[in-house]
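Please examine the sequence and the structure shown below. The paragraphs that follow lead through them step by step.

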Amino acid sequence: MSEPLLQAVDLQCERDDRELFRALNFTIAAGTLTRVEGPNGSGKTTLLRILAGLNDSFSGRLLWQGEPRDARREEFLRNLLYIGHRPGIKPLLTPIENLRGLLAGRQQVADTVLRQALEGTGLAGYQDVPCRNLSAGQQRRVALARLLISDEPLWILDEAFTALDFHGVEGLERLLVERAANGGAVVVTTHHDLRLPDIHRIVLGATAVAGDHGATCQQAGEAHAH
Ligand SMILES: Nc1ncnc2c1ncn2[C@@H]1O[C@H](COP(=O)(O)OP(=O)(O)OP(=O)(O)O)[C@@H](O)[C@H]1O
């Protein structure tokens, strides 16, 4: 197996006295794609925010490269690119200005590179238009342009495919596969029917109908049920 980046050990989370998941164990390794699945409200966003260090209401352990994540929090955050389910784009700013803001304090990137990244996500000609004048899919593409510049080894992407058209979905699928092939680790949630090979699956709320909020982890070809 390739190098483990992030490991979850016995994760458990409750919200408003309802258990979303428990006994969740998995490894996010370099060079892999992982999809977190489950019905609405099963806890996908919550799990991604926990993994990204944005939500601390859980029990269990998270390890970054084999050591407690919180003991290496700064290093962990430098190595993480998290894009939430809202694109997080400032409507009064242009795509270029938004990207500059998103990269502030992390990466020094020339404007020519930002422009190329926006062209790469299909926004040629829109780089200097205020984002409030862009469609939902175009705003999503502004946020996703960040992926074309990223040097972080771990991507956590919540509902990244939302509002994208057919070509946008295809392009993003290709990018994620290439990223994993080049040694990155990608964790995604989506309600889209993705065509990604060798994807690992973390299924939440698998037995929710029976009132038992179970979770299943399948590491591409190998399944662990809890
Ligand atoms: N800020 C919050 N405070 C309390 N409960 C919350 C909060 N945010 C979400 N929840 C609850 O946590 C549960 C899981 O929500 P979450 O957003 O993680 O689900 P999800 O699987 O991502 O859903 P969806 O597919 O609809 O995006 C839901 O029942 C929701 O009501």
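In this predicted model, helix H1, formed by residues 44–51, lies across strands E1 (4–15) and E2. The helix runs at about 130° to E1.

Strands E1 and E2 belong to an open sheet of four strands, whose order is E2-E1-E4-E5 and whose pairing is antiparallel. At the edges stand E2 (18–29) and E5 (67–68); each has a single partner strand, so one side of each is left without a neighbour in the sheet. Strands of a sheet pair through backbone hydrogen bonds, in either a parallel or an antiparallel manner. Strand E4, residues 59–64, runs antiparallel to E5 and is joined to it by two bridges. Leu 63 has Pro 68 of E5 as its bridge partner.

The domain assignment divides the chain into domain 1 (1–79 + 152–226) and domain 2 (86–149). Where the domains meet, nine residues of domain 1 are in contact with seven residues of domain 2. On the side of domain 1 that touches domain 2, helix H6 (residues 166–181) gives the most, with three residues. That side of domain 1 is made up of six nonpolar residues, two polar ones and one charged one.

The largest nonpolar core comprises 57 residues, and those with the most contacts inside it are Leu 51, Leu 154, Ile 156, Val 186 and Val 187. Both domain 1 and domain 2 supply at least three residues to this core. Neighbours within four places in sequence aside, Ile 156 is in contact with Leu 48, Leu 51, Ala 52, Leu 80, Tyr 82 and Val 187.

Key. Residues are numbered from 1 along each chain as its sequence is written. This is a predicted model: local features need pLDDT of at least 70, side-chain atom pairs count only at pLDDT 80 or more; totals for chains, interfaces and linings use all residues. A nonpolar core is a set of buried Ala, Val, Leu, Ile, Met, Phe, Trp, Tyr and Cys residues joined through C-beta atoms within 7 Å. A residue is buried if 20 or more other C-beta atoms lie within 10 Å of its own, exposed if 12 or fewer, and partly exposed in between; C-beta atoms are placed from the backbone. Domain bounds come from an automatic or database domain assignment. Two residues are in contact if their C-beta atoms, placed from the backbone, lie within 7 Å. Two strands pair if DSSP finds at least two bridges between them. Axes are lines fitted to C-alpha atoms, for helices over the stretch in contact, and angles run from 0 to 180 degrees between N-to-C directions. Ala, Val, Leu, Ile, Met, Phe, Trp, Tyr, Cys and Pro count as nonpolar, Asp, Glu, Lys and Arg as charged, and the others, Gly among them, as polar.
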